[in-house]
Protein chains: 2
Amino acid sequence: MKSDRRPPNVTMADVAERAGVSRALVSIVFRGVPGASPATRQRVMQAAQDLAYRPDQRARLLGRNRSRTIGVVFGLHHEFHAELVEALYRSVEATGYDLALGATAPSRDERRAVKSLLDYRCEALVLLGPTLRRAAIEELADRLPVVVVARAMPRTSVDVVRTDDFGGARMAVEHLAGLGHTSITHVDGRRAPGAAERRRGYHAAMRDLGLLSETRLIAGGLTENDGERAADDVLTGPPTTAVTAFNDHCAAGLIAAARMRGLRVPAALSVVGNDNSHIASLTSVALTTIAQDASALAGSALGLARARAEASPDKLSPSEIVVPPRLVVRHTTAAPQPP
Amino acid sequence: MKSDRRPPNVTMADVAERAGVSRALVSIVFRGVPGASPATRQRVMQAAQDLAYRPDQRARLLGRNRSRTIGVVFGLHHEFHAELVEALYRSVEATGYDLALGATAPSRDERRAVKSLLDYRCEALVLLGPTLRRAAIEELADRLPVVVVARAMPRTSVDVVRTDDFGGARMAVEHLAGLGHTSITHVDGRRAPGAAERRRGYHAAMRDLGLLSETRLIAGGLTENDGERAADDVLTGPPTTAVTAFNDHCAAGLIAAARMRGLRVPAALSVVGNDNSHIASLTSVALTTIAQDASALAGSALGLARARAEASPDKLSPSEIVVPPRLVVRHTTAAPQPP
DNA sequence: CGGTGAGACTAGAGCGCTCTAGTTTCCTGG
DNA sequence: CCAGGAAACTAGAGCGCTCTAGTCTCACCG
């Protein structure tokens, strides 16, 4: 089957010649705009098929002076970003826009990713959980529309789409309270992005449930190790029957440490995570957690990006879209053991 | 700071004018080829800086009739692919090539990813663990150079870069034998890609160690659940002190089930996984496993892709590069408990 | 039956680069 | 003092598309 590989690229002119029409007509047909008779359309398509013609994307973009491309900066190793990217692909489908991916990793920082995307003349940038300095993001937003996803940026000039972390934390507490728990502890994420919001949500929920006196806050972190360390603090001191953790990893570490001490989860200790990471769905963990709505986040982000790309600069004032999270009940929460 | 956003794109001509030279000279400077005096070079660079000029990538690619772009198809949710992509970015750095990412996900299949990459006129395609039919891949390889990574494709016309699964399985067994284990069981991956190789490696190692009579093969799978199920078979029947599992997830499930039964790992049962997935490095799992060398795989893949992109078609015969894996010792393996 | 206008189609000028084939400048050696 | 040649620089034709401003055809209407 080693046929004529790499034929001297088939271009529009070739198709035009074979179909016996002008190049412009081929363009019309391929863009699907009016201006060609059905018969001709058919003929052109046939010719294109015969020659295995595919329009050159680069040239298209160059020609019409819009790239119709939206750049997405995402963390290669960040599993939730993967979900967001997938959702973005789905959302972009019907819009006529294209996605260009710029990956971020320990060995490749966001500036690099942004730069290469800029070189391809994206019309807008969607930054997933950017760690860039606020000023850097705003500077970027001076050059092209920027949408920040999954990071709170209070009082900024860029668009933000994020999950309601405050509400999510509240949901976790309410779920536990609903099961009958009263002494509910929060293991927080210290200074991690979102940690403050979740802490506040926890607090507000406890207050509203009349459990203010039971409020107990423990410094945690983002990793399993943080969770394990926090277990010491949780399990000593006043007895607690339930914990909401900053995220799933922290929760998993906590659970592992608790079980190591012979504590049964959820019988003796209920735990709610946050993020619905892959780890939460592992059957050996089966963590009850708060899930973010990737589709909604992606859809909103794309909507904003397009709106700005199409609007004349600075016509729209920056908006913040807050998406509600969802409680996913698995097997780490149960009614408290009768004493 | 809402300055003049979206300035009517600054082009090469603008830079040329400001520097008082021809467009061609600007091109020379930006391509870094000889033909400009240091003084001029300096002047042009300054002008470019003043205008915040960045060459339009699309136009560059169109102009020189080579895209110098290598397409990479990867699975968004496949964590090892993330590592490979990162390594590819590192490898591509110094080559003057660029990477274009095409993501694959449950809702976006490989054909889609390949198609969009093709539209950007990549010069070669690197497919990470493709699930495409063999025929589809070979057909693709008729159109442009294709390198398949992390999938064995015996007797094919495309280049393949993969890890030595046979050797990896052998390493796992030898590690266990070195610790003093003799009754070593293998929980396999049934028909999963790579499973057969690993099974064979296990077998060969057992034979070479004179442990053929201890050989015990149990049907497993790729998931945690498969591992949990396999635990039943492993723990009933003839006593086993060590297990090599098809992959880390299967191993983790096995360990969880074993611990659930009160069996101590590694004291009573040593377990070796395979792949060095994220889950293996979790402190609550800390799985001894076999790691693939992402850098080597990426480097080789890129090398092949470039070689083919540069060579005249079909000059090179297809090659298969097999990269040795590496044993990562964590805390699920130890010497067998004295009886 | 000439005028009109919609529909089908084309010529050709970009888009922002690259690159070949020059032209100009200036040094060097005979 | 000039031939020769390298180095510095420029003109202009692409690359493969899009899109504006046409031209041509032909049905339809007053």
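This is a predicted model: local features need pLDDT of at least 70, side-chain atom pairs count only at pLDDT 80 or more; totals for chains, interfaces and linings use all residues.
1. Chain A averages a pLDDT of 92, with 96% of the residues at 70 or more.

2. Around DNA strand D there are 26 residues, of which A:M12, A:S27, A:Y53, B:S22 and B:T40 come nearest; a residue is near a strand if one of its heavy atoms lies within 4 Å of it. Of the atoms of DNA strand D that come within 4 Å of the protein, 67% belong to sugar and phosphate.

   - A polar backbone atom of A:M12 is 2.5 Å from a phosphate oxygen of DNA strand D.
   - A side-chain N or O atom of B:T40 is 2.7 Å from a phosphate oxygen of DNA strand D.
   - A base nitrogen of DNA strand D lies 3.1 Å from a polar side-chain atom of A:R23.

3. Two or more residues each are given to the surface near DNA strand D by α2 (23-31) and α4 (57-63) of chain A, and by α2 (23-31) and α4 (57-63) of chain B. Helices are DSSP runs (H or I, at least four residues), numbered from the N terminus. The largest share, 4 residues, comes from α2(A).

4. By class, this surface has 10 nonpolar, 9 polar and 7 charged residues; Asp, Glu, Lys and Arg count as charged, Ala, Val, Leu, Ile, Met, Phe, Trp, Tyr, Cys and Pro as nonpolar, and the others, Gly among them, as polar.

5. Residues are numbered from 1 along each chain as its sequence is written, and chains are lettered from A and ligands numbered from 1 in the order in which they are written. Local features need pLDDT of at least 70, side-chain atom pairs count only at pLDDT 80 or more, and totals for chains, interfaces and linings use all residues, while side-chain values use heavy atoms, with hydrogens and water left out.

Notes:
pLDDT is the predictor's confidence in each residue, from 0 to 100. A polar contact is a pair of N or O atoms within 3.5 Å; within protein, one must be able to donate a hydrogen and the other to accept it, and residues adjacent in sequence count only if both atoms are side-chain atoms.
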